[in-house]
Amino acid sequence: MTGSSELTRLTAAELAEKIRTREVSAVEVARAHLDRIAAVDGTVHAFLHVAGEAAVASASLVDASLDAGTAPASPLAGVPLALKDVFTTTDMPTTAGSKILEGWRPPYDATVTSRLRAAGITILGKTNMDEFAMGSSTEHSAYGPTRNPWDTDRVPGGSGGGSAAALAAFEAPLAIGTDTGGSIRQPAAFTGTVGVKPTYGGVSRYGLIACASSLDQAGPCARTVLDAALLHEVIGGHDPLDSTSIDAPVPSVVEAARRGADGDLSGLRVGVVKEMGGEGYQPGVQAGYEAALRQLEKLGAELVEVSCPHFRYGMAAYYLILPSEVSSNLARFDAMRYGLRVDKGAGAEEVMAATREAGFGPEVKRRIILGTYALSAGYYDAYYGQAQKVRTLIARDFAAAYAKADVLVSPTTPTAAFPIGEKVDDPLAMYLNDLATIPTNLAGTAGISVPAGLADGLPVGLQIMAPALGEAVMYRVAAAYEAARDAEDGGPLIHRVPEVTA
Amino acid sequence: MSSTDGSADTSGLTRDEVAHLARLARLAVTDDELDVFAGQLEVILGAVAGVGEVAADDIPPMSHAVPLENVFRADERRPGLSQQQALAGAPAAEDGRFRVPQILGEEA
């Protein structure tokens, strides 16, 4: 039997194999991770809810099924996972990091939740996030910030900081995030983990509490590229309950990740986006990026410079389109059918206004007001309409770049993790975190962040981007780079994370 | 709301305008919040007004990453929420229905 602290250091693929061969039970694996959460989450605060015995009960079903000789429900059966608290779960509260949904028990499961359950994956609990996924540091959670395991005075990124920190603190080998402008990839970069934003429509949004519907995309988070690929194949695929879900087979990302790990990228064209990197990027981030480019060249890839001149307007377009959709989507929180009600005032409208005032945090309010403005008569054309045109131009930049290159690369973020409190009162400084990730969301294409070394002791990420449904090539390049980087560095970056102390 | 330069309306927002928008969005913001938000929103608007620099008169707008079309399904019964499930999260319920505050004001 493997010791419980060792179990938490294994990859999801390794755990699945040990469970399948009955070397360890799924219950032992679940308990090892619950113990780890009990030991470190007081400091990290990655979780808003821990499933506890319910997780053990789910794992015991996997054990019973394997003991009965039934084939595993999926290649990840019995492996624990941390679920971002933006997916509905009938057996756990779902808050989206907001007071307005404190204690809410949804009456149905998200499709992602159902697919995880059907795959026999043990859901350990729900992870902390910026309120309604609005933020880049997890400081905008109504339930307090999550801390970065690499330096607990720093943020883990956001909005999916809880999911990323859970991976880096070895509280879970797998997690689910959502990426509207970088909320999977930026926390992955900040925590030395792997995060994938699939093609828009690649993973169902049914039961995913909406931030900006035309941009939101759920995706896998893990400590290795292969683990992310395994999870991607579990959650991906067409869902008739989401009208924007793509009715096409899930790209063969597991096979691509395995092939990539062999390390040969000859014949592959990697587009280096001229406008991403350099000025505005921290020297340590830039150095990690340049080392990654050399690594890709050594693997046989051909580097091609590509230009995407409209990416510089991406952030401006995003912060018009997103608040506009937010102001509309969050109108559903009306104090009538579910969630908080503050019984103050004469009638429904006053109760509604008092409830939303008490239930929403400052960043959510700012974005609702901004979106209300951008959509108002007389301003619509100059702001929202113009932003939608810029979106077209960004999609065209991508199309032109992908005509010259199989994948595009950039640093995932302009900086490494910043101290808690540094940007929380400066919205614009916070928004700049997503400079490099936003264009992919606007175009609806795919992106992954893989660890690219340390800058002053903090992880930085390499972003690899691919065209719509081009995930396979993206995973292949990511796995090849990961294997080469780990070999050169003497092991995975994540093994260098300091032990979390209370 | 007024524009000072008439082009991309990048003049920022006054405190009164923020208060008006908050009312439209059913947010009972406090005086302190109005002070803070007005300043922050001005900075944000200054940054996002950059979209106006792009010459895009002949560019079609893009509302969605994938072309949207109507999605149909067979007209078959499928399980939905029970009344009990639908009301389970309600702030107030009575006789199997959502109980809501008075909808119309005193003057109605």
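The model is predicted: local features need pLDDT of at least 70, side-chain atom pairs count only at pLDDT 80 or more, and totals for chains, interfaces and linings use all residues. Residues are numbered from 1 along each chain as its sequence is written, chains are lettered from A in the order in which they are written, and side-chain values use heavy atoms, without hydrogens and water.

**Exercise 1. List the secondary structure elements of chain B in order.**

Step 1. Helices (H or I, at least four residues) and strands (E, at least two) are DSSP runs, numbered from the N terminus.

Step 2. Chain B has three helices and two strands.

Step 3. Starting at the N terminus, their order is α-α-α-β-β.

**Exercise 2. Describe the interface of chain B and chain A by contacts and by buried area.**

Step 1. Count contacts, meaning heavy atoms within 4.5 Å. On chain B, 57 residues are in contact with 60 residues of chain A.

Step 2. The size of an interface is often given as the accessible area lost when the parts come together. Buried area is that loss, found with a 1.4 Å probe and summed over both parts. For chain B and chain A the value is about 5,100 Å², with 69% of it on carbon and sulfur atoms.

Step 3. Arg26(B), Val51(B) and Met62(B) supply 14% of the area that chain B buries against chain A, more than any other three residues.

**Exercise 3. Find the salt bridges across this interface and the helices of chain B that take part in it.**

Step 1. A salt bridge is a side-chain nitrogen of Lys or Arg within 4 Å of a carboxyl oxygen of Asp or Glu. By this rule there are two between chain B and chain A.

Step 2. Arg26(B) forms a salt bridge with Glu349(A), at 3.4 Å from N to O.

Step 3. On the side of chain B that touches chain A, α1 (15–24) and α2 (31–48) each supply at least two residues. The most comes from α2(B), with nine residues.

**Exercise 4. Is Val100(B) buried, partly exposed or exposed?**

Step 1. Locate Val100(B): it is in the segment after β2 (97–98) of chain B.

Step 2. Buried means under 20% relative accessible area, exposed over 50%, and partly exposed in between (1.4 Å probe, protein chains only).

Step 3. Val100(B) has 38% relative accessibility, so it counts as partly exposed.

Conventions. Buried area = accessible area lost by both parts, 1.4 Å probe.
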